[in-house]
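Please open the model in a viewer and keep the selection tool at hand.

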Amino acid sequence: MNHQSVTFKNAHFPSHPRHRYHCNPIHSRLLFPSPFLTLHPNTTISKSAHFSFTCRVLHTPLLNHPSGSLHTSNAVKPAANVVKIVDVATLGNLCVDIVLNVPELPPPSSGARKAFMEQLAASPPDKRYWEAGGNCNMAIAAARLGLKCITIGHVGSEIYGKFLLDVHRDEGIGLVEMSEETDVLDAPSSSYETLLCWVLVDPSQKHGFCSRADFSKEPAFSWMNTLSEEVKRAIKRSRILFCNGYGFDDLSPDVIVSAVEYAAEVGTSVFFDPGPRGKSLLSGTVEEQKALRHFLRMSDVLLTADELPGLTGLADPILAGQELLKKGNHAQWVLVKMGSKGSILITKSGITCAPAFKVKIVDTVGCGDSFVAAIAFGFIHDIPLVTTLAFANAVGAATAMGCGAGRNVATMKKVVELIETPDLNEDNKFWNKLLNDHVNSQEVTLLSKSVLNGSNGRVKHVTLQNVVSELLPKLTSNQFEGKLSS
């Protein structure tokens, strides 16, 4: 990824002239494949005397497979009479990342950081330094694995919104616009601009982040109050609805909760990754805390990392994952991402562990999103748990070998190349210590380079060679209709 260097000539930071990129109110727009609507681009449809919406359709062959053409796992249970034609829908958190080299990271105080950001935004940086961010990362990663994907969220009409639409089109991803005419009538123009995240890199390669969402007590799109019929239809026809903690930066807790409740109603599995925002949600507003608890109860798959102890009060990641399973009404899987150590998948019947792949790490941004995409792949296609976990580690590792997220996440071709010559970052001492207190209470499966002696039958070792032998033919064939993007 290119990084633009920025030099500040004055200590005084001028105000951000947002009026230069004024956005007109945007009607509800559906950018979606033809199975939803058979319409020509820019067709205007009157729904009633008081409401109209503009529909623009992305004609993406990847998304036009007949329903049922993919094998669907028993883990994904559609409601009666619901045809699931989309694999993964993401909710909210659509933004443009702008990566800049700066002399120093922004000061810690809120006012100084805001002024710093406004100076950066005073004129648009060169487009070479723009990248799709937020939930676009997961959607792009999933689409490159051959999954049929859409994003549900809001983008503005300005240059950054057009950029995100272009990325969606190029990656074969549909976009369902959440806003309706009635949502934005009373909102100031800046409230429906596309969200920007300034990714700042200092000379020592430390990163800092700035977004307008950092300086408001309200979500960026607080004017959005309800789920449109287009959004409901998109959720209903998706196998998975993916949400993460950053969704609370742009959508209200009520809107997010209503989407999760509707997903449960129509048989769409909910994936939730609290991420770094999980900690702040725990101590956030009453509405945020309530929404977080609702997610933990209603999610089918929970994806966690450093925030897990805070969510449960337990330091042991396995005990913490089991606690989330107990509290969840729908929970089937709890994933624990452990970086260079690997990952854990916990179910009510067992514990599956997989060490990370040994690769040369260039940039870890986007690795977690890539990992989630692969977990969704395994969940949908009913792949054995240890194989799913190994695959997710491989996809995350392949992304880490590149620079940046967005369009820089791993392609299927890179993932296959990694799996063809795999090497595990095994740390037997770490795994033995972690698993020692659990091997007698549940079935434990561990991915290994080879079957180890002295396990005493307490841990089921699955060799990497066996996993690769099972996985590679599926990835390199048309079985899952994946594309080998270069």
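The stops below cover the nonpolar cores, a helix pair and one cysteine.

This is a predicted model, in which local features need pLDDT of at least 70, side-chain atom pairs count only at pLDDT 80 or more, and totals for chains, interfaces and linings use all residues. Residues are numbered from 1 along each chain as its sequence is written, and side-chain values use heavy atoms, with hydrogens and water left out.

Select Trp198 and Phe391 to begin: they have the most contacts inside the largest nonpolar core, which has 81 residues. Such a core is a set of buried Ala, Val, Leu, Ile, Met, Phe, Trp, Tyr and Cys residues joined through side-chain atoms within 4.5 Å; buried means under 20% relative accessible area with a 1.4 Å probe, protein chains only. Around Phe391, leaving aside residues up to four places away in sequence, the residues touched include Leu145, Phe377 and Leu475 (contact: heavy atoms within 4.5 Å).

Next, select helices H2 (residues 136-144) and H3 (residues 159-171), whose axes lie 10 Å apart at an angle of about 15°. Helices here are DSSP runs (H or I, at least four residues), numbered from the N terminus, and axes are lines fitted to C-alpha atoms over the stretch in contact. The contact includes Ile140 of H2 and Leu164 of H3.

Finally, select Cys367 in helix H11 (residues 367-381). Cys367 counts as buried because its relative accessibility is 15%. With residues up to four places away in sequence not counted, Cys367 touches Gly396, Thr399 and Ala400.

Definitions and conventions:
Buried < 20%, exposed > 50% of the residue type's maximum accessible area, 1.4 Å probe, protein only. Axes fitted to C-alpha atoms, helices over the stretch in contact; angles between N-to-C directions. Helix = DSSP H or I, 4+ residues; strand = E, 2+ residues; numbered from the N terminus.
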